[in-house]
Amino acid sequence: MARPITLFTGQWADLPFDEVCRLTSEWGYDGLEIACWGDHFEVDRALAEPDYVDRKREQLAKYNLKVYAISNHLVGQAVCDLIDERHKDILPADIWGDGDPEGVRQRAAERMKDTARAAAKLGVKTVIGFTGSSIWHTVAMFPPTPESMIERGYQDFADRWNPILDVFDEVGVRFAHEVHPSEIAYDYWTTRRTLDAIGNRPAFGLNWDPSHFVWQDLDPVNFILEFKDRIYHVDCKDAKVRTGDGRRGRLSSHLPWADLRRGWDFVSTGHGDVPWEDCFRALNAIGYDGPISIEWEDAGMDRLVGAPEALQFVRRLAFDAPSAAFDAAFSSNS
């Protein structure tokens, strides 16, 4: 059976949830990956109000949509991060509180536990998100970074996330970390080290989003094959690399999205450098049968154009694996 194609609502949270449901239904999406911000899914209300989850289900049913995952990237980011003024803009007021960094981290951890509980109440088995990182700022390795500092960073991650994952285990929900620069796992080797840091426990898996691989010169296809038992969710987002003129670099010079002086940019699915057909063939090869979620993110394209176009692009390529080998017809026993 064809895998459901969903829309991640994170970049649409400025719109009322009902409007996003209407649009995605009209475009032909099968369902949603619902963001835990805006009015799309409020974790505290889901646990406090007896009818909140039922009302969300009714909204989805009204538009013939299903929910396959919820995402809480913004709060998850604060669990391990070195907290500064940027976090105030993305966090709920009650998580930010007085802004004391350790207090923010602890409140964020508790909210991530509640996110697992709310997901279970909604009947969703996967939560996607970020982890944050206390050592991302050392990525340039200058001033010289001792290995002991990196080890402390991974231990800090394990100390903060293991209690969260205990709750995920208790309620039967899995966490899918989006491998992403600024996180504890941002490439191949850091993903290996992250999984090792928590003893490879099954509660912690990966959200595969190839847009973060191509501008780092990582192979998104081999990543699927290497981590086949950990791919818990798939996000389809694209990136375009524009280096080569001697001016535009990978670090993008603090320039805003869509500025053509950048060395790379996020673009709507199908407009970048991700080898999508090979990726979908790899997903077939590992037997991934979960949702294919389109994350529209393109500062140079209107989202009302990009989202329906991306759906048609993915539907064409996300074909099922064959039920039988083509050369079976050559056999005398066929």
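Helix α1 (residues 17–27) has F17, V20, C21, L23, T24 and W27 buried, where buried means under 20% relative accessible area, exposed over 50% and partly exposed in between (1.4 Å probe, protein chains only). Seen down the axis of α1, these buried residues fall within an arc of 165°, so they line one face of the helix; the arc is that of the directions from the helix axis to the C-beta atoms. Helices (H or I, at least four residues) and strands (E, at least two) are DSSP runs, numbered from the N terminus.

This is a predicted model, in which local features need pLDDT of at least 70 and side-chain atom pairs count only at pLDDT 80 or more, while totals for chains, interfaces and linings use all residues. Residues are numbered from 1 along each chain as its sequence is written, and side-chain values use heavy atoms, with hydrogens and water left out.

The cover over the buried residues of α1 includes β1 (5–8), β2 (31–35), α3 (52–62) and α13 (303–317), contact meaning heavy atoms within 4.5 Å. After α1 comes G28, with a positive phi near 105°.

The largest nonpolar core has 91 residues. Such a core is a set of buried Ala, Val, Leu, Ile, Met, Phe, Trp, Tyr and Cys residues joined through side-chain atoms within 4.5 Å. Helix α8 (residues 147–171) gives the largest share of this core, nine residues. F41 is among the residues with the most contacts inside the core. Beyond its neighbours within four places in sequence, F41 has contacts that include I34, Y52, I70 and L122.

The largest pocket holds about 1600 Å³ of space. A pocket is an open set of points on a 1 Å grid over the protein atoms alone, where a 1.4 Å probe fits, with protein on both sides within 12 Å along at least five of seven lines; lining residues have an atom within 4 Å of a point. Grid points are joined across faces, edges and corners, and the volume is the space filled by probe spheres set on the points. Of the 43 lining residues, R86, H180, P181, S182 and W257 lie nearest the pocket centre.
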